[in-house]
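I opened the notebook to record what I looked up in this structure. The entries follow the order in which I checked things.

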Amino acid sequence: MLNDVQSLIEARQIAYQFSGETTPLFSGIDIFLNAEQHALVGRNGIGKSWLASILAQQIFPTEGSVKHFCEVGYLSQGLTPFSGNTADLLGLTKIIRANDRVLAGVGDEADFDAMEGNWDWQFQTESLLAKGELNPNVLNQPFNSLSGGEQTRIRLLALKRQGAGFMILDEPSNHLDRQGRFWLAQWLSAFDGGVLLVTHDTQLLQPVSVVYELSGLGLSRSIGGWETWLESKEQLQLGIQREVDQTRKRLKQALRDKQKDREKTSKRQSQGKQRRENANQAKILLDHALGRSEATLSRIAKQNEERLQRSSSLATEARTKLEIIEPLSIAVATPQAATSPLLYLQDVILPFGSGTPISLTINNGDRIAITGKNGSGKSTLLKVMTGSLVPKQGICRITPSHSLMDQHFSFLDKNQSALHNFQLQSPGWTEDRYRTRLAQLRIRGEEALKPVSYLSGGEQLKVALACLFCGPHAPALLLLDEPDNHLDIESRELLQKALHDYTGAMVLISHDDNFIKNVSNMQALVL
């Protein structure tokens, strides 16, 4: 599986297993990364971030080895706190202090050594920050005081400044607004090294050359880019579906053959008994013939049982493989009846963000997408709509039949089970019916009884969607604050389909234009 060009990172037979677990998270992984754009995709909880950390040599694998052939930069998924200022993170503090001492006439030999090749540090720094579309004033600001988008940009610039020839980026667009995501795509296209993107952002995935997918089947590799991978995944799904159909047919045939053999055995035994009663042959000869017949029937029965078990095992294996890659579907309930307007805002001024008065009326079936830069007040507006924040001025009225879903699924009680949350949020059914609906979303058995906090992000989404859409009814008005953030591709597609099929009114905040487009029929409100 070696590339025909030089690898910058080589990983062989990588496995990772948590302490106390009986099976590894993944095993037998070979991956060779060169100076191209690569993507690593897969379901939430499958181990993408762990694999990325191993490839970046941030953690050690349980088995296998990783080699670097250049400087490798790594950006983790979360916003890791940093106690210093931006200059500290960019590695400029030593140079700035040496420069100040030299200009003050008190510099020593160490200061001049530090300034060697860095006399134009100010010009270089301004140029670097300009490439990140950042104001030079951020240099002396405490890093933790900056927005999530600014922190992400500065961390990426720091990797470039440190001379990284390959970058491993875990969900780099999570904290970027629409403009920031566009900047990131442009910045990556201008980078002359290699990149491994762990992301669900389809805008970032478009230019990649190689797509790796981590699944329960292992690590697959697709050359040719994102669209080629989508086509190959569809072909794989069709192939496994044919395998499921064939094994199902074989299993049915094996069951029919077993039943036929039972009937033959019963008939022969009945005929043998009748001949024994009517025959004049010696008893010893009849017993010998009966023994041979029974041995033959027993051998045939054993062969059929082995064939049946083999067919059953193959059918189960094929269904398991299909479930790993087959997209989920969801049945969306009818919204509750509610009188329009469902939401009424008149001259509302937000307590934070934009100071412009907002007036808005939402009736049954209206679908609004709120867009705007980070800090413009989008999330604040949703909180004002639901009454959790009081506006500076203006009138706000909302229907009781509404639900708010954010990227953290905060309306769920994370200490309670999926089943309990479903029953609480959407009452009116028997426990068996709730369990059936959860099972349709692959939350079965003990999974349905675990605290929600124990579930992966994708599984928590399924619980949230079950509570909102899969019960006796759906809310008349749905408010969504970046619900697509942090989701894997399968979960995002599931959410898109649920929102597409939902017939109630909706207010959606998202930085992903493709997501908004796929939800469909959205009118824009720009803050």
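Which residues in H12 meet which residues in H14? I noted first that the model is predicted. From H12 I listed Ala418, Asn421, Phe422 and Gln425, and from H14 I listed Val463, Ala466 and Cys467. I sorted the residues of this contact by class and got five nonpolar, two polar and no charged.

**Entry: geometry of H12 and H14**

I looked up the two helices themselves. H12 covers residues 418-425 and H14 covers residues 457-469. Their axes are 8 Å apart, and the packing angle is about 25 degrees. Angles under 35 degrees count as roughly parallel, and H12 and H14 are therefore roughly parallel to each other. I also wrote down that their crossing is right-handed.

**Entry: H6 and H7**

I turned to another helix pair. Helix H6 runs over residues 148-161 and helix H7 over residues 178-190. I found that their axes come within 12 Å and cross at roughly 10 degrees. That angle makes H6 roughly parallel to H7. On the H6 side, the contact is made by Arg153, Leu156, Leu157 and Lys160. On the H7 side, I listed Gln179, Gly180, Trp183, Leu184 and Trp187. By class, the contact of H6 with H7 has five nonpolar, two polar and two charged residues.

**Entry: the two sides of H5**

Which residues of H5 are buried? In this helix, residues 121-131, I found Trp121, Thr125, Leu128 and Leu129 buried. They lie on the same side of H5, because they cover an arc of only 95 degrees around the axis. I kept a general rule beside this: an α-helix has 3.6 residues a turn, so residues three or four places apart point the same way. On the other side of H5, I found Phe123, Ala130 and Lys131 exposed.

I then asked what the buried residues of H5 pack against. The partners are helix H3 (93-103), H4 and H6.

**Entry: Asp113**

Is Asp113 buried or exposed? Its relative accessibility is 54%, so Asp113 counts as exposed. I also checked Asp113 against Ala98: they are 15 residues apart in sequence and 9.1 Å apart in space, C-alpha to C-alpha.

**Entry: backbone angles**

Most residues other than glycine have a negative phi, and most peptide bonds are trans.

Where is there a cis peptide bond? I found one joining Ser340 and Pro341, with omega about 0 degrees. Pro341 sits in the loop between helix H10 (283-325) and strand S10 (343-349).

Next I recorded residues with a positive phi.

- Gln13 is not a glycine, yet its phi is positive, about 50 degrees. I located Gln13 in strand S1, residues 9-16. With 45% relative accessibility, Gln13 counts as partly exposed.
- Glu133 follows H5 and has a positive phi near 55 degrees.
- Ser520 is not a glycine either, and its phi is positive at about 75 degrees. I placed Ser520 in the loop between helix H16 (513-519) and strand S17 (523-526). Its relative accessible area is 16%, so Ser520 is buried.

Key. Residues are numbered from 1 along each chain as its sequence is written. This is a predicted model: local features need pLDDT of at least 70, side-chain atom pairs count only at pLDDT 80 or more; totals for chains, interfaces and linings use all residues. Side-chain values use heavy atoms; hydrogens and water are left out. Axes are lines fitted to C-alpha atoms, for helices over the stretch in contact, and angles run from 0 to 180 degrees between N-to-C directions. Helices (H or I, at least four residues) and strands (E, at least two) are DSSP runs, numbered from the N terminus. Angles under 35 degrees count as roughly parallel, over 145 as roughly antiparallel, 65 to 115 as roughly perpendicular and the rest as oblique. A crossing is left-handed if the near helix is turned anticlockwise from the far one by less than a right angle, and right-handed if clockwise. Contact means heavy atoms within 4.5 Å. Ala, Val, Leu, Ile, Met, Phe, Trp, Tyr, Cys and Pro count as nonpolar, Asp, Glu, Lys and Arg as charged, and the others, Gly among them, as polar. Buried means under 20% relative accessible area, exposed over 50%, partly exposed in between (1.4 Å probe, protein chains only). The arc is that of the directions from the helix axis to the C-beta atoms.
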